[in-house]
Amino acid sequence: MTITVKEIEELKEYFVNDLYSNTRSEQRADNTYYADTFLIPQLSPAHRPALPVLRTGKGARLIDSPAEHIVTRNPQAFKRGTQESDIAPVDRILTMLNQQWIPLLKRQNPNPFKESARKILLRGESWLQLAHNSSWVTGKQVRTGLPVLFLTPDPINVYADPKEVNGIPERVIVWCKRMPWLIKQVFGDWGNPKNKKPTEKVDWLAYFDKDVRYFEADGEPVLKDGIQENLYGFVPFIHAISGFGYQSETGEPSDLIV
């Protein structure tokens, strides 16, 4: 599949302003209850000195407590080979995952197992983003940690094509605000086209499909040649939804992501 920068920008506008508009509105409203900052219109400013607002934090407990119980303290990986000859390599992989990878993931901050459960309950969905650990393949190749990074981006910033296979969508756009110094740290040739100060935020856009990837900050491409081949050969995002919603006749994401 080939795509142009203009088409990526048009897709972003459609995802942000149309397809996911209701979903993001609901998620941001839900977040005010989690953060205990929701408005109380029944209590006018004139009454507040006599009737102060008591914030109990119950919204956060309703999310965090189940998340703690859902996630086991000892998560395990399981896989069954389809043929007799598959058993030995599968056993080898499972031993590596359960004895090396999972213990390291549990020490990751934030813990991706707990973070995924929390996002499922708070946002109605969660995302797992996979990326290679560059220190394993470039420079001095200091092979500490894991060769694969397991990231848990906030679903509010992830916009995906609704068509998925095993939770992997055909296309993903990440649209969010980032600090300019962070962009410069990762992409040294970025020119800061809007002359943002260190305290100001930059509009960050990342696009992925199985064939290509494209990143830009404040409208300026940060990858060599702009649109690059996606060497992974797949979209490195995995999606999960809470199951509290339903697939409506209109296909509205806010009916499914609850």
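**Pocket lining and aromatic pairs**

Colleague: How many nonpolar, polar and charged residues does the lining of the largest pocket have?

Modeller: Nonpolar means Ala, Val, Leu, Ile, Met, Phe, Trp, Tyr, Cys and Pro; charged means Asp, Glu, Lys and Arg; the others, Gly among them, are polar. A pocket is an open set of 1 Å grid points over the protein atoms alone where a 1.4 Å probe fits, with protein on both sides within 12 Å along at least five of seven lines; lining residues have an atom within 4 Å of a point. The lining has 20 nonpolar, seven polar and three charged residues.

Colleague: What pLDDT do side-chain atom pairs need?

Modeller: Residues are numbered from 1 along each chain, and side-chain values use heavy atoms, without hydrogens and water. The model is predicted: local features need pLDDT of at least 70, totals for chains, interfaces and linings use all residues, and side-chain atom pairs count only at pLDDT 80 or more.

Colleague: Which element supplies the largest share of the pocket lining?

Modeller: Gln 129, Ala 131, Phe 208, Arg 213 and Phe 215 lie nearest the centre, among 30 lining residues. Strands are DSSP E runs of at least two residues, and helices H or I runs of at least four, numbered from the N terminus. The largest share is four residues, from β1.

Colleague: Which aromatic pair is stacked, Tyr 33 and its partner?

Modeller: Rings of Phe, Tyr and Trp (its six-membered ring) pair with centres within 6.5 Å; planes under 30 degrees apart are stacked, over 60 edge-to-face, the rest tilted. Here the centres are 4.6 Å apart and the planes at 15°. The partner of Tyr 33 is Phe 38.

Colleague: Which strands does the Trp 204 and Phe 215 pair tie together?

Modeller: The ring centres are 5.6 Å apart and the planes at 45°, so the pair is tilted. The two residues are eleven apart in sequence, in strands β7 and β8.
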